[in-house]
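Open the model in your viewer and keep the sequence panel in view. This tour tells you what to select next and what is there.

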Amino acid sequence: HVLCQDQRILFWNPPQPHVADPHSAPAFIFATMQNLSERENMVVGGICGLMEVSLLQATNYWKNARQQGLPFTLDPRITYRGYFSNCANFVSCTVWQFTVN
């Protein structure tokens, strides 16, 4: 790229992409994930899907309750209503995604 400013020409070199150290944690995890079998990827996807639903079920309820004008509650009997059907839905999606990718 060349930038012109006040009759001067400044040469700008765009930043180079960062190359991860192969011994760093993210590079190690990525390399390990590439070596998993389809069945192992299915298990990892299922665990990730279950964790995501477990952590976000209450926030999804609060979002929907606010949109519907319902009062805010911390009662887990209400915020985790539909938890198992949400797990079945989301786990099946993440298992599929992890297996295909």
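Buried here means under 20% relative accessible area, exposed means over 50%, and partly exposed is in between, with a 1.4 Å probe and protein chains only. Of the 101 residues of the protein, 15% count as buried. This is a predicted model: local features need pLDDT of at least 70, side-chain atom pairs count only at pLDDT 80 or more, and totals for chains, interfaces and linings use all residues. Residues are numbered from 1 along each chain as its sequence is written, and side-chain values use heavy atoms, with hydrogens and water left out.

**Stop 1: the whole chain**

Colour by secondary structure. You will see 4 helices and 2 strands. Along the sequence they follow the pattern β-β-α-α-α-α. Helices (H or I, at least four residues) and strands (E, at least two) are DSSP runs, numbered from the N terminus.

Now show the surface. The protein exposes about 8,600 Å², and carbon and sulfur atoms supply 63% of it. Areas come from the Shrake-Rupley method with a 1.4 Å probe; for residues, only the protein chains shown count as cover.

Contact means heavy atoms within 4.5 Å. Among contacts between residues at least 6 apart in sequence, 51% join residues at least 24 apart.

**Stop 2: helix α2**

Select residues 38-68, which make up α2. Where is the kink in α2 centred? Go to leucine 56: the kink there is about 50 degrees. The bend at a residue is the angle between axes fitted to the seven residues ending there and the seven starting there.

Next, pick out the buried positions of α2: Asn41, Gly45, Gly46, Gly49, Val53, Gln57, Ala58, Tyr61 and Ala65. Then step past the end of the helix. α2 is followed by glycine 69, whose phi is positive, near 75 degrees.

**Stop 3: glutamine 57**

Stay in helix α2 and zoom in on glutamine 57. Is glutamine 57 buried or exposed? At 6% relative accessibility, glutamine 57 counts as buried. Not counting residues up to four places away in sequence, glutamine 57 touches Thr79, Tyr80, Arg81, Gly82, Tyr83 and Asn86. Show the side chain and the backbone of arginine 81. A polar atom of the glutamine 57 side chain lies 3.2 Å from the backbone oxygen of arginine 81.

**Stop 4: the aromatic pairs**

Show the rings. The structure holds 3 aromatic pairs. Rings of Phe, Tyr and Trp (its six-membered ring) pair if their centres lie within 6.5 Å; planes under 30 degrees apart count as stacked, over 60 as edge-to-face and the rest as tilted.

Select tryptophan 62 and phenylalanine 72. Their ring centres are 5.2 Å apart and their planes are at 35 degrees, so the pair is tilted. Tryptophan 62 lies in α2 and phenylalanine 72 in the loop between α2 and α3 (76-79), so the pair ties together parts that are 10 residues apart in sequence. Tryptophan 62 is partly exposed, at 28% relative accessibility. Phenylalanine 72 is exposed, at 59%.

Move to tyrosine 83 and phenylalanine 84. This pair is edge-to-face, 5.2 Å centre to centre with 70 degrees between the planes. Tyrosine 83 is buried, with a relative accessible area of 17%. Phenylalanine 84 is exposed, at 69%.

Keep phenylalanine 84 selected. It lies in helix α4 (residues 83-100).

**Stop 5**

Return to helix α2 and select methionine 42. Methionine 42 is partly exposed, with a relative accessible area of 39%. Leaving aside neighbours within four places in sequence, methionine 42 is in contact with Val95 and Thr99. Phenylalanine 98 is 56 residues from methionine 42 along the chain, with 6.0 Å between the C-alpha atoms.

Then select serine 37, in the loop between α1 (25-34) and α2. Serine 37 is partly exposed, at 35%. Serine 37 and threonine 99 are 62 residues apart in sequence and 8.7 Å apart in space, C-alpha to C-alpha.

**Last stop: the cysteines**

How many disulfides does the structure hold? There are 0, a disulfide being a pair of cysteine sulfur atoms within 2.5 Å. Select cysteine 48: it is partly exposed, with a relative accessible area of 31%. Cysteine 93 is partly exposed too, at 39%.

Methods. Polar contact = N/O pair within 3.5 Å; in protein donor to acceptor, adjacent residues only side chain to side chain.
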